[in-house]
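Morning, everyone. Please put the model up on the screen, and let's walk through it.

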Amino acid sequence: MKNNPTYLLFFLGLLLCLLLFALNLSIGSVHIPFMEIVGGLAGKELSRMSWETILMEYRLPKALTAIFAGIGLSVSGLQMQTFFRNPLAGPYVLGISSGAGLGVAILLMASSAFGWAIYQGGLGIWSIIFAASLGAILVLLLMSLTAWKVKDSMTLLIVGLMFGSAVSALISVLAYFSEAEQLKLFTIWSMGSLGGTSYSQLTGFFIALLIGIIPVLYKIKSYNAMLMGEVYAESMGINISRLRWAMIISTGILAGSATAFCGPIAFIGIAVPHMARLVFKTADHRVLLPGSALAGAIILLFCDAISQLPGSAQTLPINAVTSLIGAPMVIWLILRRNFSKEF
Amino acid sequence: MADNPIILTASNLNLGYRKGKQVNTIAEHLDFELKKGKLTCLLGPNGVGKSTLIKTIMGQLPPLRGQILLDGKPIQQYGLWEISKKIAVVLTDKIRMGTLSVRQLVELGRIPHTSWLGRLATEDQSKVDNAIKATNIQYLADRPLTELSDGQLQKVMIARALAQDGEILLLDEPTAHLDLVNRLEIMQLLKTIARNENKAILITTHDLEIAIETADEFWLMPCGSPLVTGLPEDLILQQNLDLLLPSHQLYFDRDAGKIKSKIEILKINIDGPASMKKWLEQALIKNNITKLPKDQSITLTENPFELIFKDGETETRFHQIKSLIDFFKRGNTTEKN
């Protein structure tokens, strides 16, 4: 099924990704000459100490985070859309992001109730990541229990939506009772951020990404069979319940870790797989999986570059940027052609 | 051992669903044999359990009692993967993916035979080619699925099932929603495939007339009684087709080869060629004109086409069935008045 245009598209995509990566490294509140950055990446020392710190400790981890999160979110979105046979499915839908949000909200509430000062210093970031992961895993376990009981994918999807709503309601209750400072902290977390990831966290993120992608790679043929629906897939020897578990575990790890490290990032999971389908003009997951991953990295790097507002010290929240780009894109996709046919 | 034509057998099979301790039996005491190279039609009223039977044969639903033997081995002992190499299905769900081409869909049929990555070997490619050739859809191969008509799509689905290369093809109402020409074409195609590729093909259908014309074997599934199997023609002569008709108002007319209502008995004297009489009778029945006094009769002539209504000595001539019927209707109302 792979042919030359596909390879060419991948080559162009990689080129674009590299270009955006370099762009991301070179823009920011402090101007660093481009050649210095290229030199820095090649291992040379930068001519100013402060440039070195900014590039290595801030911009590089941030760009890498954008790539990892973009890959994780779009790959989990692709899996969910195929598994649920629903073009609007995405990591938000199984309540994973809301679960992570609940974890963080509870942590912040508890910290104010018991007077912990967890939000200060490096420990604070880790504890937020830990709480978010815990929340995501909790919702995921609940969803798995449901998946075990409920055999119908559509029911699972609806239950996931309801879980998400219930958890959001819980967060609102918590927010109502929390103090202004905690509330602000939570709001900032929920705006998402690609910055502030240390190298040790990046290593963790990278490992989570690798582990999360294994189940998809292992089941990639099953996802192709799922294009025809569950009964057909089963008639072609696909074990649906195993595939369901693989999907839940994979999306849980991928979307859960992305949310834990960056906060909720909207629309990447929904919009990017559709972009990949549009660009590569195929339904074959052997092309769509790497395609979505690449497109996810590109889009999130691009959004991050926009949020940086060149020349100014201000940074827009990444969640707002992805929503501003993603929402019109999904609308455009829906209007452009019949969504259900496209899918 | 020579190639055994009987690929699937069942005896005293009970079908249904088990939910906790509740057992919901849908059909009981089924016996059947499915043969290679034959087109078998499963006929029965809605809700009698045809789809349940299909699901049970697919191995997706365990039988409540009895066993289905696939190639001599109980179907429960096969893994999903092994069944998928023996049984391929065409279901009623519509598959319409804009990003999938016809060939790509047919290639999906090779999934049970390929490695984890799903790369198609030369053998897989040639099976796909053969399936496309056998269903005469070469001219469609590169089109996206969204551009196909219902009849074309059905052929593509059959090609996919063929590419899966099992000995058995199960088709759930393959001719539903199709026009007459397409229905005939699909059934003829299935029959040819059964012969040429030596497949055992089992289809469910409500299309009695086309099924009689094409099927090698009938499985009749009447409400509340066991399966009746046999040659369609035998079943007709043994008046077994009436088993499918729950109402006593209906019967299978051997001469006409279709189901008729018992009320449709005309007490009108009609003379003329049989082929013309038939249509006049049908028009009269539709308009509820089933009786005329004994001294009245209708004569049909072919060249020129005329309908002559005789009432004792008086003759009235018509050039259209419609004007005759209008005449009767006016006559009736005037009588009433």
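Predicted model: local features only at pLDDT ≥ 70, side-chain atom pairs only at ≥ 80, totals over all residues.

Residues are numbered from 1 along each chain as its sequence is written, while chains are lettered from A and ligands numbered from 1 in the order in which they are written.

Chain A, then. Its secondary structure comes to 15 helices and zero strands. Helices here are DSSP runs of H or I with at least four residues, strands are runs of E with at least two, and both are numbered from the N terminus.

How does chain A compare with a compact globule? A compact globule of 343 residues would have a radius of gyration near 20 Å, and chain A agrees, with 20 Å. That radius is taken over C-alpha atoms, and the globule rule is 2.2 Å times the number of residues to the power 0.38. Along its principal axes, the C-alpha trace of chain A spans about 65 × 55 × 35 Å.

Of the 343 residues of chain A, 48% count as buried. Buried means 20 or more other C-beta atoms within 10 Å of a residue's own; exposed means 12 or fewer, and partly exposed is in between, with C-beta atoms placed from the backbone.

Now contacts. Two residues are in contact if their C-beta atoms, placed from the backbone, lie within 7 Å. Take the contacts in chain A with a separation of 6 or more: residues 24 or more positions apart account for 79% of them.

Next, a helix pair. Two packed helices are described by the angle between their axes and the distance between the axes. Look at α13 (residues 285–307) and α14 (residues 318–336) of chain A: their axes come within 9 Å and cross at roughly 115°. Axes are lines fitted to C-alpha atoms, for helices over the stretch in contact, and angles run from 0 to 180 degrees between N-to-C directions. The crossing of α13(A) and α14(A) is right-handed.

Which residues of α13(A) and α14(A) make the contact? From α13(A) come Cys303(A), Asp304(A), Ile306(A) and Ser307(A). From α14(A) come Ile318(A), Val321(A), Thr322(A) and Ile325(A). They divide into five nonpolar, two polar and one charged. Ala, Val, Leu, Ile, Met, Phe, Trp, Tyr, Cys and Pro count as nonpolar, Asp, Glu, Lys and Arg as charged, and the others, Gly among them, as polar.

One backbone point in chain A. Most residues other than glycine have a negative phi, and most peptide bonds are trans. Phe267(A) is not a glycine, yet has a positive phi of about 75°. Find Phe267(A) in the loop between α11 (240–262) and α12 (268–280) of chain A. Phe267(A) counts as buried because it has 24 C-beta neighbours inside 10 Å.

On to where the chains meet. 25 residues of chain A are in contact with 25 residues of chain B. On the chain A side, α9 (220–226), α10 (230–235) and α15 (339–342) each give two or more residues. That side divides into 11 nonpolar, six polar and eight charged residues.

Now chain B. An open sheet of six strands runs in the order β6-β7-β8-β3-β9-β10, with mixed pairing. Strands pair if DSSP finds at least two bridges between them. At the edges are β6 (87–90) and β10 (228–230) of chain B, each pairing on one side only. The twist averages 15° from one strand to the next.

Helix α1 (residues 50–57) of chain B lies across β3 (39–43), β7 (168–172) and β8 (200–204), at about 150° to β7(B). Helix α6 (residues 180–197) of chain B also packs on the sheet, touching β3 and β8.

His177(B) sits in the loop between β7 and α6 of chain B. Its phi is positive, about 70°.

Last, four strands of chain B form an open sheet, β13-β14-β15-β16, with mixed pairing. β14(B) and β15(B) are antiparallel over six bridges. In the loop between β14 (296–301) and β15 (306–311) is Pro304(B). A cis peptide bond joins Asn303(B) to Pro304(B), with omega about 5°.

How values were computed:
Left-handed = near helix turned anticlockwise from the far one by under 90°.
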